[in-house]
Amino acid sequence: MVETTLIVSEATEQQPIQELESVLMNIEGIERALVDTDDGEVKLTYNEETVSQEEIIDKIKQEGFTLKGPNQGGDINA
């Protein structure tokens, strides 16, 4: 298992958080997703043999969310 942290701009309000959690938990290989509503920090635990961080990021962006921070190469617009 691998743990990683992503910052999702929209993950500071209840509705987008619920949508994001639904998207993440439907990705095969993600074991856990915790969202910090204060800053949009999303902590993931996933099986790297099943899904890669790049695939997770791509899926988040496909769903219309915006990623921020060094793990995402700065601001990334979906």
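Predicted model: local features only at pLDDT ≥ 70, side-chain atom pairs only at ≥ 80, totals over all residues.

Biologist: Which residues of α2 are buried?

Modeller: Ile56, Ile57 and Ile60 are buried in α2, where buried means under 20% relative accessible area, exposed over 50% and partly exposed in between (1.4 Å probe, protein chains only). They lie on the same side of α2 because they cover an arc of only 95° around the axis; the arc is that of the directions from the helix axis to the C-beta atoms.

Biologist: And what does the face turned away from the buried side carry?

Modeller: That face of α2 carries the exposed residues Glu54 and Gln62.

Biologist: Why does Ile56 count as buried?

Modeller: Ile56 counts as buried because its relative accessibility is 1%. Leaving aside neighbours within four places in sequence, Ile56 is in contact (heavy atoms within 4.5 Å) with Leu6, Leu24, Ile27, Ile30, Leu44, Tyr46 and Val51.

Biologist: How far apart are Ile56 and Leu44?

Modeller: Their C-alpha atoms are 9.8 Å apart in space, and the two residues are twelve apart in sequence.

Biologist: Changing topic: what is the strand order in the sheet?

Modeller: The open sheet of four strands has the order β2-β3-β1-β4, with antiparallel pairing; two strands pair if DSSP finds at least two bridges between them. The edge strands are β2 and β4, each of which pairs on one side only.

Biologist: How many bridges join β2 to β3?

Modeller: Six bridges join β2 (residues 30–36) to β3. Leu34 stands opposite Lys43 in β3, and the bridge partner of Asp36 is Glu41. β2 and β3 form a hairpin with four residues between them, and Gly40 in the turn has a positive phi of about 75°.

Biologist: Where does α2 lie relative to the strands?

Modeller: α2 lies across β1, β2, β3 and β4 and runs at about 25° to β1. Axes are lines fitted to C-alpha atoms, for helices over the stretch in contact, and angles run from 0 to 180 degrees between N-to-C directions.

Technical notes:
Residues numbered from 1 in each chain as written. Heavy atoms only, no water. Helix = DSSP H or I, 4+ residues; strand = E, 2+ residues; numbered from the N terminus.
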